[in-house]
Amino acid sequence: MNNIKKYNSISDKTSIGNVINEAFRETEHYKNNVNHNLTELNKVLVRQMDILKQQYEDTEVSKNAKDIISIVSNIQTGDFEGKYNADLTYFMKIEEWEKYYRENLKFLQQKLGENAKCVYAVIHYDESTPHLHTMWTFSEKNKQENIEVNYKKINNALKTAFCRKNAKLGNEALKAGTAEYKEAFQKFSDENKQLTIEIGRA
């Protein structure tokens with residue numbers, strides 16, 4: 001999992017709407033390069049927008065709560081594509097990619113717990129490597145929140161995830177040990193620590 005982003009259902013509705021439009025290709029401009037000739041291959045696994053509507057209308061949350069998250073699940077390819085000038089899209093059939101990400105969706109549900117409700121799950125085939133976009137809502141507090149947290153384990157998991165993300169940048173990867181690397185890791189850690197803890201509890 002990477003690109004984990006958290007939102008508040010009260011104050012972040014515009015940002016949430018933008019993420020949804022990006023996932024379903026319902027906008028004019030995209031953050032990444034999109035091959036519109038392949039967009040029709042994108043596969044919607046889940047689309048339950050009523051869950052989001054219910055979160056907006058029927059769930060009481062504080063202004064500081066992060067009760068909605070979006071996740072992009074992607075294979076960590078490192079510098080494979082740059083080194084071999086090959087696109088992973090063609091290493092498996094579309095049916096195989098779909099099977100892989102359906103299993104990933106089950107994994108996410110298991111890790112996020114029964115309080116997590118999936119708003120949508122979409123496989124994108126129209127970028128460099130097939131990946132899964134999902135959005136989840138949380139209506140209740142995690143019942144295991146009082147379990148002691150192993151912060152050493154959490155920090156190691158964050159280091160591993162950041163290292164993989166950095167390696168994927170290829171020639172633009174930050175050099176370990178530099179001030180720039182440490183600053184980028186700290187930002188990554190701040191953004192992803194809470195979800196990593198929640199996943200560890202699930």
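A residue counts as buried when its relative accessible area is under 20%, and as exposed when that value is over 50%. With that cut-off in hand, this predicted model can be read from the whole chain down to single residues.

Start with the big picture. The protein chain has 202 residues, and buried ones make up 39% of them. Its secondary structure comes to six helices and five strands. Walking along the sequence, the elements turn up in the pattern β-α-β-α-β-α-α-β-β-α-α.

Arg 25 is not a glycine, and yet its phi is positive, at about 55°. Arg 25 is found in the loop that runs between helix H1 (13–23) and strand S2 (43–47). Is Arg 25 buried or exposed? Its relative accessible area is 12%, and because the cut-off for buried is under 20%, Arg 25 counts as buried.

An α-helix has 3.6 residues a turn, so residues three or four places apart point the same way. Helix H2 covers residues 49–58, and its buried residues are Ile 51, Leu 52 and Gln 55. These three share the same side of H2, because they cover an arc of only 100° around the axis. The face of H2 turned away from this buried side carries Asp 50, Glu 57 and Asp 58, which are exposed. And what do the buried residues of H2 pack against? Their partners are H1, strand S3 (68–73), strand S4 (116–124) and strand S5 (131–138).

H5 has 17 residues and reaches 24 Å from its first C-alpha to its last, close to the 24 Å expected at 1.5 Å a residue. Which residues of H5 are buried? They are Ile 154, Leu 158, Phe 162 and Asn 166. Since these residues cover an arc of only 100° around the axis, they end up on the same side of H5. Over on the face turned away from the buried side, H5 carries two lysines, Lys 152 and Lys 153, and both are exposed.

Note on methods: Residues numbered from 1 in each chain as written. Predicted model: local features only at pLDDT ≥ 70, side-chain atom pairs only at ≥ 80, totals over all residues. Heavy atoms only, no water. Helix = DSSP H or I, 4+ residues; strand = E, 2+ residues; numbered from the N terminus. Buried < 20%, exposed > 50% of the residue type's maximum accessible area, 1.4 Å probe, protein only. Expected span 1.5 Å × (residues − 1). Arc of directions from axis to C-beta. Contact = heavy atoms within 4.5 Å.
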